Amino acid sequence: MTLPGVATGRPRAGYDVVVVGAGVQGLATAYELARSGVTNVAVLDRSWPGGGASGRNGEMIRSAFSSREWAQLFDLSLRRFSELSAELDFNILFSPSGYLVLSTTDEELRRQDLVAAKQAEYGVQSEVLDAAEVRRLVPHANPELARGGIFQRRAGFAHHDAVVWGYLRAAARAGVSVFSGVDVHAVLTSGGRVTGVRTDGGDIAADVVVNAAGAYSDDLNLTADVHLPLVKARLEMIVTEPVKPFLRCAVATPHLLGYCHQTARGEFVGGTELPGHDETDSLNTTYHMLRDMATKWVRLFPDLGGVRILRNWAGTVSQAPDLAPVLGEAPGVSGYHLSIAWVYGFMGAPAAGRLLAESITTGRVPDVMAPFDARRLIEGRSIAESTLVVTTDGRS
Amino acid sequence: MAFTFEGRTLSARPGQSIASAILQSGTPVLTRSFKYRRPRGYTCGYDICGNCPVTVDGLPGVTSCTTPVRGGEVVRRERGWPSADRDLLRATDLMARFVPAGFQFRLFRSRPRLAHLAEKVMGRVAGAGRFPTPQAARAVRTRTEVDVADVLVAGGGVSGCAAALGAAGSGASVTLVHPGRLGGRGSARDSIVTYGRETAPAAEVAGRLASAVLAHDGIRVVDGFVMSYFETGVIPVVADGLVLECRPKHLVVATGSYDVPGLFPGNDKPGVVLADGVGKLLRVDRVVPWRRAVVMTDGDRGRALADQLEQAGVEVVAIVVQQGAGASPEPGAGPADRQLDDERVLLGTVRAARGARVLRAVDVEVDGRVRTIRADLLCVALAPRPANDLALQRQYVAAGTTQAVGGGWAGADLSSSTPGLSVVGSAAGWTSDDPDRAHAVGAAAGSAQEK
Ligand SMILES: Cc1cc2nc3c(=O)[nH]c(=O)nc-3n(C[C@H](O)[C@H](O)[C@H](O)COP(=O)(O)OP(=O)(O)OC[C@H]3O[C@@H](n4cnc5c(N)ncnc54)[C@H](O)[C@@H]3O)c2cc1C
Ligand code: FES
């Protein structure tokens, strides 16, 4: 069965733009390109659309970050999420139920006011909650771990498959060709310019190539002689059998390295991490993570003790040392654009797609996007963001 | 023994499952389907289909077909408002034509506020089960323990028990994992089995093998199930309040088979029951909640089930031998021809299971004409499918890529292709019980560990 929106037949010999990867990033970029009039676009994926991290993530969306760079980029995304269902003519089930970042340690509690003040300065509205307010918002949480928090009311979660399908259909309607089962082996360049891609079905010419290959984006970069310090990382999640609604908002807990929410169907969905990257592109789940998740989620929500886990799964991403995405033209190869190193790439996609399409079509890099340029990694600069639920293994 | 079911006191014999006691009391609807709220009831009998969850002492999602009555517990059904019997939200099913699959992606797409509200309402009505009561949740305590046995046998039916005895007999330490009483589906079937020098009914052989396993010092028997194989080589076994972390040198998969459901409208109606589920209710739970049965089959199993039902006092009004896919193609060789002398046999196709809430009748097409046959049981006795998930997963994880699975494992020789893995019995596609052969496979696995 093919998804509505996936092209039949083989790609042509040339396009104006070739996007590698039909994840949420590649599809959002293709859709935004088409919206701004560039419709001779092919999106190539070796697997099915959404088969990468875009169909395997925690679906969580927020813009209340501690750094100006993250807050501004993701706030644009958050605003886009609330318009997307109407614009794509597809209900992406965006649920603005709020997003709570829990404070557990004394240090986290001390910092909450400061973080919220900065967010206000960047134009992102958030509320600082004390223990009693957190208790009212998430009555089932263990009070020892839920001692305070920063709550963003407009944030929440959306259905990740629906976002992929919505972008896919809308892009296809606008004239973009999305191909499944096409493996891109290399990015072709000549004299510092991109000229196309080499696929398992032959070469395809293009003046603009977008790398949105998720976990495999670094492998693709190497074929164009672009060297960035990225690593692959495996992340895992669980989903339980459905229970009556007990958790209204999305919750992240930096202390436990976990993030979770409850779906409209009643399933509790959560992921955790352990210190250190799990540097692999294997999609197998592991027992130690399953145990970690079961243990931590029952610690945070003791009443989950009697609820069964239905499934668990793994997804892979690529990460930069500062865990921020890389967005913009690759250093040294003109026409070769990157939307990679996404760790929060689901919530970031609506903004990234729009900004990257704008920079491709106008040649000007929008201000909000500029800090995420790849050169920061080569020059050793990093974007300092302190509210992420990802381990940094001490490198950044 | 007695327990409380939605305010009524029901009685049960020791060992009898909760589902069988509820059925016996005249209540066929055990739950409602998740989205369209269709009534669901006892179907497979072996914790496979998910149609029988109930809440026991505040703990939701308990599989009632495999959980024995302990005595004194409080059991209630889930899903369904005001009750699972009369669910007003059943409307969703009656309107299925207007709410096709995927409707939620079309609804309110340009009305974000309404969409959010609708989502909240859906959340209220959809949420299955209940949240565990705090007491029930806290009563769930799981400890972990490392198991060091050389050989792990998954499944304690005829084949699993024989393999475990083979492995232990050659000196290996063995852990055998099986949910509930040893014996497996063989205990509820009617076949004749040869083991060593004896030939006897399967149930008898299963019983003898089970006693030998339980009496053997070298075999640890765990009441639980094997969760899965993980890439670091760990195989967690989930038991009551315990997770055993096994790292066996050899895994023997003896997980039996699955009954295959029939494909026709209404195949999920309470009263449509798979063959082994029927056998188990009659032979193990010893409950007969039906009066008139139609048996649907694609081979010899139908006749055996019909005989079991008649012995239990159920009138078998028809044995429908399916025509078309799955039926024996050669005239003279097929079971259909051998059964033609039996007037209950109809060569035809089941077209639908009828009844508003539970099964009332079965539509059978014979020679282009559809007949409606009254019945309160439709026993689906099709050729079973090997339950080889664990073996496939072991290979998949070893290969480590999705591509390998895309290339297809179907038909792969499971036992010879992966070192440290054997598959025996129905899980390996053996069409009849062969405990001697399973014993030999176990012995080979066991002696390999000695060197
Ligand atoms: C468990 C987990 C939880 C997460 N939770 C969240 C969350 O709550 N919120 C959030 O915002 N983000 C979350 N993320 C991160 C988010 O999922 C990713 O950042 C995002 O999906 C990246 O999208 P993408 O389109 O860049 O990559 P992908 O979705 O991985 O898409 C890349 C595509 O490229 C294709 N491809 C790769 N190489 C080639 C090639 N050479 N030729 C052809 N095709 C190729 C792949 O097949 C794939 O389909 C999570 C990730 C995981 C794994
Ligand atoms: S799971 Fe209990 S009847 Fe199928």
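1. A contact here means that heavy atoms lie within 4.5 Å. On that basis, residues 24 or more positions apart account for 76% of the contacts in chain A that have a separation of 6 or more. For chain B, among contacts between residues at least 6 apart in sequence, 64% join residues at least 24 apart. The model is a predicted one, and every value in this note should be read with that in mind.

2. As to the overall form of chain A, its secondary structure comes to 9 helices and 19 strands, and its C-alpha trace spans about 60 × 45 × 40 Å along the principal axes. The radius of gyration of chain A is 20 Å, which agrees with the value near 21 Å that a compact globule of 396 residues would have.

3. Burial and surface may be taken together for chain A: 61% of its 396 residues count as buried, while the chain exposes about 14300 Å², with carbon and sulfur atoms supplying 50% of that area. Its side chains include 37 positive and 43 negative ones, and the centres of these two sets lie 4 Å apart.

4. Chain B has a secondary structure of 13 helices and 26 strands, and 51% of its 451 residues count as buried. The accessible surface of chain B comes to about 20600 Å², of which carbon and sulfur atoms hold 53%.

5. Side chains of opposite charge can pair when their charged atoms come close. Over all chains the structure holds 44 salt bridges, and one of them joins A:Arg110 to A:Glu107, with the closest N and O atoms 3.1 Å apart. Both residues belong to helix H3 of chain A (residues 106-121), where they stand 3 residues apart, about one turn of the helix. A:Arg110 counts as exposed because its relative accessibility is 61%, whereas A:Glu107, at 42%, counts as partly exposed.

6. Which residue forms a salt bridge with A:Asp322? The partner is A:Arg376, and the closest N and O atoms of this pair are 2.7 Å apart. The pair links distant parts of the chain, 54 residues apart, since A:Asp322 sits in the loop between strand S17 (309-319) and strand S18 (326-329) of chain A, and A:Arg376 lies in helix H9 (residues 375-378) of chain A. Both A:Asp322 and A:Arg376 are buried.

7. In chain B, a salt bridge brings together the side chains of B:Arg354 and B:Asp363, at 2.7 Å from N to O. B:Arg354 has a relative accessibility of 43% and therefore counts as partly exposed, whereas B:Asp363 is buried, with a relative accessible area of 5%. Elsewhere, salt bridges that share partners join A:Glu32, A:Arg35, A:Arg80, A:Glu83, A:Glu87 and A:Arg354 into one network.

8. The C-alpha atoms of B:Thr144 and B:Ala163 are separated by 26 Å, the two residues being 19 residues apart along the chain.

Technical notes. Residues numbered from 1 in each chain as written. Chains lettered and ligands numbered in written order. Predicted model: local features only at pLDDT ≥ 70, side-chain atom pairs only at ≥ 80, totals over all residues. Heavy atoms only, no water. Helix = DSSP H or I, 4+ residues; strand = E, 2+ residues; numbered from the N terminus. Rg over C-alpha atoms; globule rule 2.2 N^0.38 Å. Buried < 20%, exposed > 50% of the residue type's maximum accessible area, 1.4 Å probe, protein only. Areas by Shrake-Rupley, 256 points an atom, 1.4 Å probe, with all protein chains shown as cover. Lys, Arg positive; Asp, Glu negative; His and termini not counted. Charge placed at Lys NZ, Arg CZ, Asp CG, Glu CD. Salt bridge = Lys/Arg side-chain N within 4 Å of Asp/Glu carboxyl O.
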